[in-house]
Amino acid sequence: MTAFIVIETKLGALYAESNLQTPCLKHASSLSPAYFAQLQVVNSLTPVEARLMSSKLADLEGCLQPGLARLNWNNRGIDSFVTTTTKALHDFQTLHYSVQKNSAIIEKLVFGLASAKLVADLPTEGEVMELQEFYEYMEQHRAAVVETAVQKYRSLTPLLGKVEELVAGSNTGKSPQLAGYYTYWEMAVFNALVIMVLRALEKLHSMLGGPTKRPMFKVR
């Protein structure tokens, strides 16, 4: 993030000068809003997002380098630098927003896996089911929940592909640039499945061993 730090120092020094010329103020006022908005975006990156977008961050810092070494505030190329930098900052912000949007959808799907209820609630009214009816009732519920969970899991692939398209410009499902991102969501899905199963076992245990107002099933 060296480029951002130096730019901030340069802008501060520019405003502090007592003999500022109008063109200098124009350049600073053009660059400052874009810079500080982007600084906020960069600081808001999560660790997994920072790794995912590391090459884009490097490209962005490369775009800022001319302003750190070859340009001063009276240079004729400053207009071009401000325009190029503002566009690069805006493009990065747009990319980050798109990545976050897809990540939010993925997170919602993963949460849906974790909250899936494999064990059905027993009816609280009516006649107590016979054993075979109880089995079929539970199995139909479990199969329906698993089918929904599988659909959610399969819908993750196109979303991950969309992120790959945004960041790496490909859609292979195996981009080295997204290795850390894939690993992050693989672990998230694994943890969600573990939680789903543990909750099911917990509920089944409470149904079998806990106090109940009515029997689970009857046997003739």
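1. Helix α5 passes helix α7 in a left-handed crossing, a crossing being left-handed if the near helix is turned anticlockwise from the far one by less than a right angle, and right-handed if clockwise. The model is predicted: local features need pLDDT of at least 70 and side-chain atom pairs pLDDT 80 or more, while totals for chains, interfaces and linings use all residues. Residues are numbered from 1 along each chain as its sequence is written, and side-chain values use heavy atoms, with hydrogens and water left out.

2. α5 covers residues 78-114 and α7 residues 156-168; they pack at an angle of about 165°, with axes 10 Å apart. That makes α5 roughly antiparallel to α7 (over 145 degrees; under 35 is roughly parallel, 65 to 115 roughly perpendicular, the rest oblique). Axes are lines fitted to C-alpha atoms, for helices over the stretch in contact, and angles run from 0 to 180 degrees between N-to-C directions. Helices are DSSP runs of H or I, at least four residues, numbered from the N terminus.

3. Lys152, Tyr153 and Arg154 of α6 make the contact with Leu156, Thr157 and Pro158 of α7. Its residues divide into three nonpolar, one polar and two charged.

4. The whole structure holds three aromatic pairs (rings of Phe, Tyr and Trp, the last by its six-membered ring, with centres within 6.5 Å; planes under 30 degrees apart are stacked, over 60 edge-to-face, the rest tilted). Phe134 and Phe217 form a tilted pair, 5.0 Å centre to centre with 40° between the planes. Phe134 lies in α6 (residues 131-154) and Phe217 in the segment after α8 (179-209), 83 residues apart. Phe134 counts as buried at 10% relative accessibility, whereas Phe217 is partly exposed at 31% (buried is under 20%, exposed over 50%, partly exposed in between, with a 1.4 Å probe and protein chains only).

5. Tyr181, Tyr184 and Trp185 form one aromatic cluster. Tyr181 and Trp185 are four residues apart in α8, so about one helical turn separates them. Tyr181 is buried at 2% relative accessibility, and Trp185 is buried at 8%.

How values were computed: Helices (H or I, at least four residues) and strands (E, at least two) are DSSP runs, numbered from the N terminus. Contact means heavy atoms within 4.5 Å. Ala, Val, Leu, Ile, Met, Phe, Trp, Tyr, Cys and Pro count as nonpolar, Asp, Glu, Lys and Arg as charged, and the others, Gly among them, as polar.
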